[in-house]
Amino acid sequence: MVSDKLKFGTSGLRGLAGELLDGSAQRYTAAFLLYLREVGKVGSGEVFIARDLRASSPAIAADVAAAIAGVGLTPVDIGTLPTPALALHAMANDAPSIMITGSHIPADRNGLKFYTPRGEITKADEAGILAALPKAGGPFPPAIPRDAFAQAGDRYRRRYLGLLPPGLLNGWRIGVFEHSSVARDILVSLLTRAGAEVLRLGRAESFVAVDTEATQDPLFSARQRWIDSYRLDGIVSTDGDADRPLVIDGKGGFLRGDLLGLLTARLVGAQSIVTPVTSNSAIETKGGVANVRRTRVGSPYVITGMEGARAGSEGVIVGFEANGGVLLGDTVTVNGVTLAALPTRDAVLPILAALSIAAQSRCGLADLTDAVGLSHALSDRIQDVNIDKAAEFVRRLTKETSYAAAYFVGAGKPVGLSSIDGPRFRLSGGEIVHYRPSGNAPELRCYVEAKTPERARTLLDWGLKAAAEAVGGTR
């Protein structure tokens, strides 16, 4: 039996951990592999598995391994490593892969991210998996996977060795907020090799759900104390499975994910950017590239947009989301280091890009926002919302002009609306307020843009408070 509460969201299949462990993880895994056989993408016959540090991840990984063996393929376990490390290693071995992770969502939830031998699946692939579910079979007996943890971890570290030349970060003091990120040791290793003095901060032995876009989360309240106590030039981290970066400057400010994506595009010499509508609206004018394509939120949509850019011969392509996860569409050479294309969200590359540009420009991380010239943008979310109420709220804002006009009395007059992915309002002063229900958690996200950081903070506070009054939930 497959849980009817599991669904594909912005990146992968998500739901409560118990819903995956009721046999659903086995059946979705089998359906994924049956679908790959049907379309001729099963690859070498091996299937690689990795996981984050959630308490439920080892048991789900065991179910996934059983299903892989049950359909006649060989499971290979690479342990607790970043999602991009899994994708990189599997692609190099012409193999599909499955990441067990709930990314940034609460610890009682989990998920599966599926990869073909060429990279992360698209929405069309998701439809193929769902169509194959009735033929999935199961339950499958336990299987013992082959271990490849050392090889996969080494491949990912070697990918970025030299991207920051030895000594580039001499004199820098950088904190690594470790929590339960599977990239914590890799980040410490790479930054130390580049000459930084690295301080390990906030390591957790049990899973911590870190949303890198939720900048008001109490999890980040220690940042100024850390900066002042250790005289830090910045703090870096990722979400749980290391496909979303976090960069905090030496003044305690957050570098927005879309800024990190744009800095990465500049570092690799991209000619095209593919990014969702939630990324900063000034990218078209300040991005410094010839082509910008906008999509809905979610890496499958970004991947489809990158495929369109490739078909249009639009040069070196970089995709990124407002959360900062960067997808490298082409093989590039940076600082003498060749980076193979990696079409899945990666947190390490944008972190290294920001540090590289700041160090080479002899400026602080806090100077990068003004240097690029993007408008001031912030985002956060309301948690524990009633999904039906959130859907009705979004519908009314989008469809009922009088409701929207009355709703925005406390913020400004709406003069424009885009509904590519949730209602995105442009106000009379040029400011932006955008609401979008999460695709994989009971959350409502709010994104704002304004001319000053103070006005952006005021607008975000208003946007969260007004929405919470309409849909409930907690901030």
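Rings of Phe, Tyr and Trp (its six-membered ring) count as a pair if their centres lie within 6.5 Å; planes under 30 degrees apart are called stacked, those over 60 edge-to-face, and the rest tilted. The legends below describe a predicted model, in which local features need pLDDT of at least 70 and side-chain atom pairs count only at pLDDT 80 or more, while totals for chains, interfaces and linings use all residues. Residues are numbered from 1 along each chain as its sequence is written, and side-chain values use heavy atoms, with hydrogens and water left out.

**Figure 1. A cluster of aromatic rings.** Ring pairs join Phe393, Tyr403, Tyr407, Phe408, Phe425, Tyr435 and Trp462 into a cluster.

Figure 2. The structure holds 15 aromatic pairs. Helices (H or I, at least four residues) and strands (E, at least two) are DSSP runs, numbered from the N terminus. Tyrosine 156 counts as buried because its relative accessibility is 0%; buried means under 20% relative accessible area, exposed over 50%, and partly exposed in between (1.4 Å probe, protein chains only). Tyrosine 160 is also buried, with a relative accessible area of 2%.

**Figure 3. The crossing of helices α3 and α5.** The axes of helix α3 (residues 83-92) and helix α5 (residues 149-160) come within 9 Å and cross at roughly 100°. Axes are lines fitted to C-alpha atoms, for helices over the stretch in contact, and angles run from 0 to 180 degrees between N-to-C directions. The two helices, α3 and α5, are therefore roughly perpendicular to each other, the term for angles of 65 to 115 degrees, whereas those under 35 count as roughly parallel, those over 145 as roughly antiparallel and the rest as oblique. Pro84, Ala85, Leu88, His89 and Ala92 of α3 meet Gln151, Ala152, Arg155, Tyr156 and Arg159 of α5, where contact means heavy atoms within 4.5 Å.

**Figure 4. The surroundings of arginine 193.** Arginine 193 is located in helix α6 (residues 184-193). With 42% relative accessibility, arginine 193 counts as partly exposed. Leaving aside residues up to four places away in sequence, arginine 193 touches Leu161, Gly162, Pro166 and Gly167. The C-alpha atoms of arginine 193 and proline 166 are 6.0 Å apart, although 27 residues separate the two along the chain.
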